[in-house]
Amino acid sequence: MTGAPLQLFNSLTRQLETFEPVHPGEARVYSCGPTVYNYPHIGNMRAYVFADVLGRTLSWKGYALTHVVNITDVGHLTDDADAGEDKLEKAAAEKAQSIWDIAKHYTEAYWADVKALNIREPAHWSIATDYVPQMIEFAKSIADKHCYELDSGLYFDVSTVADYGRLARAKTEEGESRIEAVEGKRNAADFAIWRKTPPGETRQMEWDSPWGRGAPGWHLECSVMGEALLGFPFDIHTGGIDHREIHHPNEIAQNQARCCTNGLDDPLASGARIWMHNNFLVERSGKMSKSAGEFLRLPLLVEKGYHPLAYRLMCLQAHYRSELEFSWDGLGAALTRLKRMVLAAERFADAEEGGDPRHPRLAPFLDRFDAAMSDDLNTPLALTAFEEALAAKKIDPAARRAAIAEMDSVLGLGLLELTRADLRLRPKNAELDEDDVEDALERRRDAREARDFSRSDAIREELAAKGVEVMDGDPLGWEWKL
Ligand SMILES: Nc1ncnc2c1ncn2[C@@H]1O[C@H](COP(=O)(O)OP(=O)(O)OP(=O)(O)O)[C@@H](O)[C@H]1O
Ligand SMILES: [Zn+2]
């Protein structure tokens with residue numbers, strides 16, 4: 001493996017650990033994916049930008065990566081703890097639509113955002129409903145020792161595993177106390193791994209099981225897909241910090257139960273060695289939400305004229321474990337920074353391929369970049385090394401192109417393909433298109449050459465009235481903006 005040893009923060013041990021793969025030369029990663037009952041907001045997408053940067057870093061360091069991202073199309077209740085309704089059943093009932101159509105529609109919307117953000121396709125998008133037989137098999141294997149049946153379903157008894165909930169931080173403050181009581185539960189934190197369809201109710205998604213007709217629990221799904229596609233133990237499990245409190249402790253409890261039944265003698269075997277959690281993207285008003293106020297979806301950013309990769313850059317500007325506050329000004333600043341990078345990269349984007357990235361003038365930038373990324377994915381610091389490599393003077397263009405391509409394989413900004421025109425996105429409400437603007441600017445240049453300043457000013461005002469600001473002497477060389 002190349003470069004500095006990769007240090008990652010493990011939420012389970014609460015410390016930085018050097019990445020040592022379970023299978024030499026490989027990296028197996030599972031990331032909790034979207035629940036496809038609605039469009040993802042940009043906060044959700046921060047979780048996938050983070051998982052993507054982790055995957056790209058592992059690939060760059062030479063590990064053969066197998067990344068799994070699941071699609072939850074059944075079982076996730078409106079409350080992460082054991083209460084509420086199935087998010088998809090609820091959406092389907094409200095919209096009077098087939099649940100399968102709903103899942104398909106929002107999965108496709110999610111994939112469109114993934115693509116726009118240069119998030120690489122994982123090896124598998126595992127769809128929960130494709131794994132129901134394996135879920136039943138997994139549940140059967142742990143049921144005798146670790147579960148009990150109630151009228152409402154099969155419950156996991158958290159007292160049957162060692163040190164339940166060691167991952168969670170908010171155990172006493174919020175965690176357990178907010179778990180709604182279900183009559184007959186042995187411990188407040190016990191959770192359903194199979195939920196029976198209540199008598200007299202019809203569900204669009206249900207399956208037969210030894211515990212009656214019903215649907216799997218959300219936590220069970222991730223345990224099963226992780227094991228099925230990556231094998232226990234695998235290397236890294238990721239998700240947003242909200243998952244650190246309930247979803248992942250429950251997954252870990254099931255994995256412990258499963259590993260013990262399979263003869264793995266470590267009572268704390270948690271399925272994955274390293275558990276990593278990205279912090280939230282927040283709004284000034286609080287947690288980003290799909291219901292309150294303006295629904296911050298990636299397409300809304302694009303409609304307002306921000307390129308999706310400006311949002312990706314905004315994510316990279318913060319460390320993944322820090323909270324990041326969203327603001328339009330912040331996004332605008334990220335867009336300006338991205339434009340500067342594109343201008344710098346233009347100078348050598350056409351250079352020959354195959355240059356030596358370890359050119360003596362570039363190696364120090366690459367080393368700093370590596371040190372930053374190896375220090376628990378310190379992207380804000382890595383970006384500064386990247387920009388200095390972009391800006392350094394008098395370096396062979398082919399070598400520089402190679403070094404930038406290498407760093408960008410980790411950052412995923414697509415800098416060698418992005419053009420000025422790509423970044424001059426047109427807000428949806430703009431009345432002019434790119435050609436109209438260029439045409440007006442041409443006429444204005446002629447007027448100025450002819451020293452006809454009143455005509456030049458008139459064209460400027462005409463453009464301003466249509467939402468285009470002409471920037472004479474723009475330091476970025478962008479002559480106009482919308
Ligand atoms: N504001 C946020 N910032 C960063 N990550 C987030 C944010 N909100 C949710 N996540 C993460 O996004 C991923 C997808 O979550 P999921 O599709 O289940 O959405 P959700 O939890 O229903 O979101 P919400 O509760 O906001 O509707 C999870 O890893 C989750 O931890
Ligand atoms: Zn999950």
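User: Why is α4 called roughly perpendicular to α6?
Analyst: Helix α4 (residues 132–146) and helix α6 (residues 218–230) pack at about 100 degrees, with axes 9 Å apart. The cut-offs are under 35 degrees for roughly parallel, over 145 for roughly antiparallel, 65 to 115 for roughly perpendicular, and oblique for the rest. That makes α4 roughly perpendicular to α6. The axes are lines fitted to C-alpha atoms, for helices over the stretch in contact, and angles run from 0 to 180 degrees between N-to-C directions. Keep in mind that this is a predicted model: local features need pLDDT of at least 70, side-chain atom pairs count only at pLDDT 80 or more, and totals for chains, interfaces and linings use all residues. As for labels, residues are numbered from 1 along each chain as its sequence is written, while chains are lettered from A and ligands numbered from 1 in the order in which they are written.

User: Which residues of α4 and α6 meet?
Analyst: From α4 you get Gln 134, Met 135, Phe 138 and Ala 139, and they meet Leu 220, Glu 221, Ser 223, Val 224 and Ala 228 in α6. Contact here is C-beta atoms, placed from the backbone, within 7 Å. By class, the contact has six nonpolar, two polar and one charged residues. Nonpolar covers Ala, Val, Leu, Ile, Met, Phe, Trp, Tyr, Cys and Pro; charged covers Asp, Glu, Lys and Arg; the others, Gly among them, are polar.

User: What makes β7 and β13 stand at the edges?
Analyst: Their sheet is open, with five strands in the order β7-β4-β3-β12-β13 and parallel pairing. β7 (124–127) and β13 (272–278) each have a single partner strand, so one side of each has no neighbour in the sheet. Two strands pair if DSSP finds at least two bridges between them. β12 (residues 234–240) and β13 pair in the parallel sense over six bridges, with Ile 274 in β13 as the bridge partner of Ile 236. From one strand to the next, the twist of this sheet averages 25 degrees. And α6 lies across β3 (26–31), β4 (64–71), β7 and β12, at about 150 degrees to β4.

User: How many strands does the sheet with β8-β9-β10-β11 have, and how do they pair?
Analyst: That open sheet has four strands, with antiparallel pairing. Its edge strands are β8 (147–150) and β11 (214–216), each pairing on one side only. Inside, β9 (residues 153–156) and β10 (residues 191–196) share four bridges and run antiparallel. Tyr 155 sits opposite Ala 192 in β10.

User: How do you know that β5 and β6 are joined?
Analyst: β5 (residues 77–79) and β6 (residues 83–86) run antiparallel and have two bridges. The pairing rule asks for at least two, so they count as a pair.

User: What do β1 and β2 form?
Analyst: A hairpin, with four residues between them, and Arg 14 in the turn has a positive phi of about 60 degrees. β1 (residues 7–10) and β2 (residues 15–18) run antiparallel with four bridges.

User: How do you know that the "binding site" residues cluster in space?
Analyst: The UniProt annotation, from an unreviewed entry, covers Cys 32, Cys 222, His 247 and Glu 251. They are spread over 220 residues of sequence, but the largest C-alpha distance is 11.1 Å. UniProt positions use the numbering here, feature names are shortened, and annotations may be inferred rather than shown by experiment.

Notes: Contact = placed C-beta atoms within 7 Å.
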